[in-house]
Amino acid sequence: MKVLALDFGAARTGVAVSDPTGTLARPHGVIERAGTEAGLDAILDVVREEDPERIVVGMPVTLRGEHGEQARATAEFVEALRARVSIPVETYDERFTSVLADGDDAKAAAHLLSSYLEWSSSPRR
């Protein structure tokens, strides 16, 4: 299953996509101000181009497992995105993805996607 991942940020949102088998993740790019109408339109362009079966959005959970201000903003973004696409949109814990990517938003999305793909293929899920 091909999956598109978004590492949402108010200013910049990293985008990654898997291969059609849902095995490998690769950075795709960055969308500026993804929460705006223009940003959502840009995401829809990527969805049309890549034709994923699912979208995964990183949910910024604190180290304590709590949802702070950024998580609330992400939840609002997810609802706006769900209203505009016909495929499932899920959230997935994104702790440490930005650290692993050394600040590169597209690589952070790829780390998020790799983690999600590994988790979703686990038989213990």
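R82 and E79 both lie in helix α2, 3 residues apart, which is about one turn of the helix. Their side chains meet in a salt bridge, with N and O 2.7 Å apart. Side chains of opposite charge can pair when their charged atoms come close. How exposed are the two partners? R82 is partly exposed, at 36% relative accessibility. E79 is partly exposed too, with a relative accessible area of 46%. Keep in mind that this is a predicted model.

Now step back to the whole chain. The protein chain has 4 helices and 5 strands. Along the sequence they follow the pattern β-β-β-α-β-α-β-α-α. The chain has 125 residues, and 44% of them count as buried. Take the contacts in the chain with a separation of 6 or more: residues 24 or more positions apart account for 59% of them.

Next, the sheet. Strands of a sheet pair through backbone hydrogen bonds, either parallel or antiparallel. Here an open sheet of 5 strands has the order β3-β2-β1-β4-β5, and its pairing is mixed. Which strands sit at the edges? They are β3, residues 25-32, and β5, residues 89-93. Each of these edge strands pairs on one side only. From one strand to the next, the twist averages 25°.

Look at one pair of strands in detail. Strand β4 covers residues 54-59. It pairs with β5 in the parallel sense, over 5 bridges. Within this pair, I55 stands opposite V89 in β5.

Helices meet this sheet. Helix α2, residues 69-82, lies across β1 (3-7), β4 and β5. Its direction runs at about 165° to β4. Helix α4, residues 105-121, also packs on the sheet. It touches β1, β2 (12-18), β3, β4 and β5. The direction of α4 makes about 45° with that of β2.

Stay with α4 for a moment. It has 17 residues and reaches 24 Å from its first C-alpha to its last. That is close to the 24 Å expected at 1.5 Å a residue. Which residues of α4 are buried? They are D105, A106, A108, A109, A110, L112, L113, Y116 and L117. The N-terminal end of α4 has a cap, D104. A side-chain oxygen of D104 lies 3.1 Å from the backbone nitrogen of A106.

D105 leads us back to charged pairs. A search of the whole structure finds 10 salt bridges. In one of them, the side chains of D105 and R12 meet, 2.7 Å from N to O. This pair links distant parts of the chain. D105 is in helix α4 and R12 is in strand β2, 93 residues apart. R12 is partly exposed, with a relative accessible area of 38%.

Another salt bridge joins E50 and K2, whose closest N and O atoms are 3.0 Å apart. What does this pair tie together? E50 lies in helix α1, residues 37-50, and K2 in the segment before β1, so the pair ties together parts that are 48 residues apart in sequence. E50 counts as buried, at 10% relative accessibility. K2 is buried as well, with a relative accessible area of 16%.

Compare that with the pair that opened this tour: R82 and E79 both lie in helix α2. Salt bridges that share partners also join K2, R26 and E50 into one network.

Finally, turn to two loops. R33 is in the loop between β3 and α1. Its phi is near 45°, a positive value in a residue other than glycine. D51 lies in the loop between α1 and β4. D51 is not a glycine either, yet it has a positive phi of about 50°. Is D51 buried or exposed? At 58% relative accessibility, D51 counts as exposed, because the cut-off is over 50%.

Conventions
Residues numbered from 1 in each chain as written. Predicted model: local features only at pLDDT ≥ 70, side-chain atom pairs only at ≥ 80, totals over all residues. Heavy atoms only, no water. Pairing = 2+ DSSP bridges. Axes fitted to C-alpha atoms, helices over the stretch in contact; angles between N-to-C directions. Contact = heavy atoms within 4.5 Å. Salt bridge = Lys/Arg side-chain N within 4 Å of Asp/Glu carboxyl O. Buried < 20%, exposed > 50% of the residue type's maximum accessible area, 1.4 Å probe, protein only. Expected span 1.5 Å × (residues − 1). Polar contact = N/O pair within 3.5 Å; in protein donor to acceptor, adjacent residues only side chain to side chain.
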